[in-house]
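Colleague: I have a model open and a few things to ask about it. Can we go through it together?
Modeller: Go ahead.

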Amino acid sequence: MRRLFPVPSEPTGDTEREWELAELADAYAYPGAEAGGAPWLRANMVSSMDGAAHHGGRSRPLSNAADMRIFGVLRGLADVVIVGAETVREERYRPARRRAEFAERRAAAGQTTVPAIAVVSASLHLDFSLPLFTEPDVPTLVITGAKAPHSGLVAAREAGAEVVTAGDEAGVDPRRIKPELARRGYTRLLTEGGPRLLGQLAAAGVVDEVCLTISPRFTVGTAPRVMSGPEIEAPVDMELTDLLAESGFLFGRYRLA
């Protein structure tokens, strides 16, 4: 791993080395991450060099070991991971696992042993027998609208999930997700998409930061971009705050300008 931006004060040459998890955790620390602070929503996505958000329905073919280390660090820092129902199905999501390397850091920050997973679904068309719902260290959250199907609500609660209402009869309102999670003590928020959910969150103006991995691979095909949905009225400016590199992969961190 090498830091390209901000430019290091001391020349480091072109030598890459594997950063310790603690170094990555410090590099990706949440701003103002004290408990009870304002919620901060970070997105983490990977894209091929030709703009695909996945290949064959999954993001793993675009990733590498360094990207997966950062993926693990971002989870290790988060209170909750927000993910769309389709991504849960396609990526075969499982509960977050305990990692000894983050135990002391999470305890000092007043966090649970692992981040909760929050699944966004208006229809509640989910398999509640999956380990994501039946075997988590902390209860999985299901974010839905006020008019969610009764059968789905019953199934979610019977599986041990906590239901979070963040919308009306029209479905989930992305603008309500942050305050509803913050009200439950979750302020360090991470979303792993997919593209449709991230597009909705971005269009609603609630994404504070984007961590974007650019993979040196192309896929062609018709896969969506990392943000998918109707075109917004005007492009939104973001500021590059960090850029790391390893094995041809670029790891950018952007905040709202």
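Colleague: What is the volume of the second largest pocket?
Modeller: This is a predicted model, and in it the second largest pocket has a volume of about 800 Å³.

Colleague: Which residues of the lining are closest to its centre?
Modeller: A202, R225, M227, I232 and V236 are the closest to the centre of the second largest pocket, out of 24 residues that line it.

Colleague: How is a space like that found?
Modeller: A probe the size of a water molecule is rolled over the atoms, and this shows where empty space is left.

Colleague: Which element gives the most to the lining of the second largest pocket?
Modeller: Helix α8 does, with five residues. At least two lining residues come from each of α8, β8 (209–215) and β10 (249–256).

Colleague: And how many of the lining residues are nonpolar, polar or charged?
Modeller: By class, 14 are nonpolar, seven are polar and three are charged.

Colleague: How many bridges join β5 to β6?
Modeller: Four bridges join them, and β5 (residues 141–144) runs parallel to β6. Within that pair, V142 stands opposite V163 of β6.

Colleague: New topic, the backbone. Where is the peptide bond with omega of about -10°?
Modeller: That bond joins F5 and P6, and it is cis. P6 sits in the loop between β1 and α1 (21–27). The peptide bond from G193 to G194 is also cis, with omega near 5°. G194 belongs to the loop between β7 and α8.

Colleague: Which residue other than glycine has a positive phi?
Modeller: L124 is one, with phi near 60°. L124 lies in the loop between β4 and α5 (131–134).

Colleague: Last one. Which domain does UniProt list for residues 39–242?
Modeller: The unreviewed UniProt entry lists "Bacterial bifunctional deaminase-reductase C-terminal" there. Over residues 39–242 the chain is 30% helix and 21% strand. The end C-alpha atoms of that stretch are 21 Å apart.

Notes
Residues numbered from 1 in each chain as written. Predicted model: local features only at pLDDT ≥ 70, side-chain atom pairs only at ≥ 80, totals over all residues. Heavy atoms only, no water. UniProt positions renumbered as here; feature names shortened; annotations may be inferred. Pairing = 2+ DSSP bridges. 1 Å grid on protein atoms, 1.4 Å probe; cavity = no way out; pocket = protein on both sides within 12 Å on 5 of 7 lines; lining within 4 Å. Points joined across faces, edges and corners; volume = space filled by probe spheres on them. Nonpolar A, V, L, I, M, F, W, Y, C, P; charged D, E, K, R; others polar.
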